[in-house]
Amino acid sequence: MSDNDINPENGDESLHDSIPVTGMYKDWFLDYASYVILERAVPAIEDGLKPVQRRILHAMKEMDDGRFNKVANIIGQSMQYHPHGDASIGDAIVNLGQKDLLIETQGNWGDVRTGDGAAAARYIEARLSKFALEVVFNPQTTEWQLSYDGRKKEPVTLPVKFPLLLAQGVEGIAVGLSTKILPHNFCELIEGSIQILKGKKTNLLPDFNTGGLADFSEYNEGLRGGRVKVRAKIEEEDSKTLLIKDIPYGTTTNSLIESIIKANDKGKIKIKKVVDNTAKDVEIQVQLAPGQSPNMTIDALYAFTDCEVSISPNACVIIEEKPVFLTVNEILEYNTHQTKTLLNRELEIRKGELMEKLLFSSLEKIFIENRIYRDIEECETWEAVIETIDKGLEPFKPEFYREITRDDIIRLTEIKIKRISRFDTFKADELMRRLQEELEEVNHHLENLTDYAIQYYKNLLGKYGKGKERKTEIRTFDTIAANVVAANNAKLYVNRADGFIGYGLKKDEFVCDCSDLDDIIVFRKDGVCQVSRIQDKVFVGKDIIHVAVYRKGDERMVYNLVYVDGATGRAMIKRFQVLSVTRDREYPLTKGTKGSKILYFTANANGEAEIITVYLTAGSKARIKVFDFDFKDIEIKGRGAQGNILTKHPVRKIQLKMEGVSTLGGLNIYFDPAVGRLNTDERGELVGNFLGDDKIIAFFKDGNYELTTFELTNRYDQENLLLIQKFDPERVVSAIYFDGASKQHFIKRFQIETSTLNKKFNFISDHRNSRLIVVTTEKQPQVKVKLQKGKEVEENVYDMDMLIDVKGWRSVGNRLSNHTVKAVQLVESEKKKQGKADENLSVGSTVNFDLKKKEDDEDDEDKEQLGLF
């Protein structure tokens with residue numbers, strides 16, 4: 001460039017119009033951000049589609065002839081409207097096809113469950129579904145705009161008469177903005193729209209095509225800040241094998257297996273093998289390592305792998321070219337009213353078409369029957385023809401809903417002689433009658449638009465709702481403490497003299513197995529307590545007298561302590577708990593005076609109180625120099641309590657005289673049917689008060705019973721559970737069951753003879769349609785039975801102990817009645833009526849059998865024979 005080129009005096013004014021770089025960046029960034037938000041990432045609320053999806057559907061509609069088209073051809077057609085290359089279009093088509101709503105697919109389209117991708121576009125085919133053709137397209141109600149190059153017209157939004165956005169879900173990341181709307185159930189959306197049209201409120205919850213279990217308690221209607229927890233459905237095949245049947249939304253079988261292997265490698269869980277048996281249905285087999293509890297492993301899978309994932313929704317849509325945050329219920333309400341508006345427009349258009357058809361049919365009839373066409377034979381000019389016809393129509397014009405125009409008259413002149421010669425007045429009247437009836441029907445729909453919209457949704461549900469039932473089970477999840485369910489992947493060692501603990505001190509004293517998530521509690525001889533996270537090696541202070549894994553909030557763990565106060569020389573005694581602490585902080589258990597030290601210490605996992613023998617020094621002034629003391633006489637307090645005076649005299653030594661028993665009494669165990677877990681937090685119903693070796697017995701609807709401990713980590717299938725209670729081996733079990741083979745009801749009474757824990761035993765017939773109807777361990781149970789005797793139904797109350805004697809648990813039992821059993825119900829005992837404590841905890845009603853849970857191929861006769869109220 002020469003000097004003249006840059007000299008302002010040369011008259012070049014372009015330099016005076018230059019824009020600062022900062023201004024250019026500001027404008028360009030805003031333009032780019034707006035473009036990405038509006039044209040790439042965030043869907044429009046009207047049709048729930050991103051521009052690329054809308055252009056694909058429009059291109060497929062143009063190509064639609066009822067046959068499948070190669071996806072490669074669809075991509076080429078779509079590129080006339082979408083200026084961003086074939087890769088993004090191809091990915092969007094596959095994404096739409098995998099949602100199985102708007103596009104029918106043919107070929108290998110991949111699998112969202114396994115993460116397998118679709119075949120190349122030249123190998124797979126697609127066409128619009130019947131549902132899409134019915135609800136998505138209508139050129140008459142579509143607003144059009146020019147395509148990016150001005151050669152074609154494309155829709156601004158498609159006139160979708162369905163909450164498509166909520167049905168498909170969407171996820172997009174823009175510049176400074178993102179959206180994530182979870183998919184919802186097809187049938188529930190339609191039912192919700194009907195409720196809105198009826199003036200009622202709705203509460204939509206997501207439904208995922210991968211199934212699984214989900215906790216929507218924090219869903220927050222899909223707004224930012226909400227959270228959905230989704231879990232895989234895990235079943236216990238046997239004591240050594242778990243089966244994963246459904247996977248969480250957003251995961252694949254491959255990613256899930258990788259997360260399980262990763263957790264195993266880190267020692268969080270202990271498994272032997274993972275096998276992917278997924279074919280038509282998802283099935284991942286997890287084989288447990290020897291000695292591993294299935295219940296603990298299930299919890300660990302939820303805690304440490306992708307068997308449980310948390311999803312954060314963020315419902316953001318485009319309304320009038322601006323991003324807006326709405327709840328899913330507000331989006332449904334918007335789409336419902338939009339559907340109503342579109343239906344109104346379609347009816348108005350149809351009304352106009354019918355009125356025009358009626359008008360021209362009337363004009364045609366008048367033109368032919370009144371032989372107006374003969375009057376134009378002598379006209380010499382075109383204008384004369386028009387005027388003659390107009391004059392002939394003049395007497396009839398008041399009957400028409402609008403003025404007769406020149407175009408109407410021209411259409412009359414275009415009627416062929418052949419049609420005039422064959423004109424049939426009867427057929428013309430019949431046609432006009434049908435048009436009039438349809439017009440009246442349209443007017444009726446317009447006058448009752450809400451009812452018409454409701455019927456429209458019901459028709460959609462009837463035509464397309466089959467096979468679209470909810471796949472994700474709505475549950476309430478319990479909180480899983482990771483440190484409780486983590487497998488013991490480390491060993492705790494201690495060097496008491498030097499004051500070190502950790503899993504790296506392998507030459508020192510072994511304490512116990514633990515996990516790398518555990519906290520460790522330490523007690524020192526100087527009367528200090530401290531809790532630290534386990535590490536390879538950590539200094540906690542010299543002269544350690546006790547070290548163990550710390551369980552926060554454990555009210556059963558009680559520490560018994562005798563210490564000498566450094567200031568007074570008195571021996572103090574105390575019992576205390578350590579329920580909560582700040583990690584790595586030192587807590588004094590004595591009065592904190594210099595010279596204080598611990599003389600005697602025990603940790604008691606169940607609040608035991610032992611008897612000790614105290615030996616005083618020979619030089620003490622006490623007359624009795626040896627005496628016993630029982631810790632049960634001391635009240636349990638907090639760790640900061642100073643304790644009671646044991647003796648004022650110097651103590652030579654303290655020895656254990658007798659092991660004690662728990663002073664805490666039994667542990668009240670509750671069962672929460674919402675999560676199928678035991679707890680001590682008084683959630684749900686009281687099962688009983690438990691000590692030591694007490695057991696729980698659970699009866700299931702499939703005719704199994706199971707003995708378990710009262711560990712809080714136990715899991716019970718609440719969908720199948722019929723009765724849960726504290727186990728008493730002396731009690732007699734009374735049961736009535738339906739035998740699927742004979743389709744008869746049987747009664748049996750027996751005692752539990754097995755003792756194996758965590759193993760199910762079937763005590764009814766093993767036919768797949770056999771079901772347990774009633775089970776109880778009351779001493780004198782009664783049942784109300786409805787019997788079909790001829791045409792009459794008779795109701796009787798029977799004492800179960802009078803119908804059959806106690807037999808073995810494997811016995812078939814006796815037939816309940818020779819007549820058809822219509823219903824069976826356990827009669828509430830007087831004990832229950834008076835509000836007394838009941839050892840039986842029945843989950844739901846005593847007869848808690850859901851016919852919907854039976855196999856799909858069970859016939860109506862089986863259901864009738866089950867006999868349920």
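Me: How many bridges join strand β8 to strand β9, and in which sense do they run?

Reply: This is a predicted model, where local features need pLDDT of at least 70, side-chain atom pairs count only at pLDDT 80 or more, and totals for chains, interfaces and linings use all residues. Residues are numbered from 1 along each chain as its sequence is written, and side-chain values use heavy atoms, with hydrogens and water left out. Strands (E, at least two residues) are DSSP runs, numbered from the N terminus, and two of them pair if DSSP finds at least two bridges between them. β8 covers residues 213–215 and β9 residues 228–231; the two are joined by three bridges and run antiparallel.

Me: Is Arg231 buried or exposed?

Reply: Buried means under 20% relative accessible area, exposed over 50%, and partly exposed in between (1.4 Å probe, protein chains only). Glu308, at 22%, counts as partly exposed. Arg231 has a relative accessible area of 3%, so the answer is buried.

Me: Which residues does the network around Lys233 and Asp246 join?

Reply: Asp246 forms a salt bridge with Lys233, with the closest N and O atoms 3.8 Å apart. Asp246 lies in strand β11 and Lys233 in strand β10, so the pair ties together parts 13 residues apart in sequence. Salt bridges that share partners make one network of Lys233, Asp246, Glu473, Arg475 and Glu719.

Me: Through how many residues does the hairpin join β10 to β11?

Reply: β10 (residues 233–238) runs antiparallel to β11, with five bridges between them. Within this pairing, Glu236 has Leu242 as its bridge partner in β11. The hairpin joins the two strands through two residues.

Me: Which side chain does a polar contact join to that of Gln285?

Reply: Gln285 lies in strand β13 (residues 284–288) and is buried, at 17% relative accessible area. A polar contact is a pair of N or O atoms within 3.5 Å; within protein, one must be able to donate a hydrogen and the other to accept it, and residues adjacent in sequence count only if both atoms are side-chain atoms. At 2.9 Å, the partner side chain is that of Gln287.

Me: What does the side chain of Ser532 make a polar contact with?

Reply: Ser532 lies in strand β22 (residues 528–533). At 1% relative accessibility, Ser532 counts as buried. Leaving aside neighbours within four places in sequence, Ser532 is in contact (heavy atoms within 4.5 Å) with Asp519, Ile520, Val540, Arg583 and Asp584. The polar contact, at 2.8 Å, is with the side chain of Asp584.

Me: How far is the sulfur of Cys529 from the closest cysteine sulfur?

Reply: A disulfide is a pair of cysteine sulfur atoms within 2.5 Å, and the structure holds zero disulfides. Cys529 is buried, at 0% relative accessibility. The closest cysteine sulfur is in Cys512, too far for a bond, at 16 Å.

Me: Why is strand β43 largely enclosed by the rest of the structure?

Reply: β43 (residues 771–776) runs antiparallel to β40 (residues 733–739), and five bridges join them. Ile736 has Val774 as its bridge partner in β43. β43 is largely enclosed because its buried residues number six of the six.

Note on methods: Helix = DSSP H or I, 4+ residues; strand = E, 2+ residues; numbered from the N terminus. Salt bridge = Lys/Arg side-chain N within 4 Å of Asp/Glu carboxyl O.
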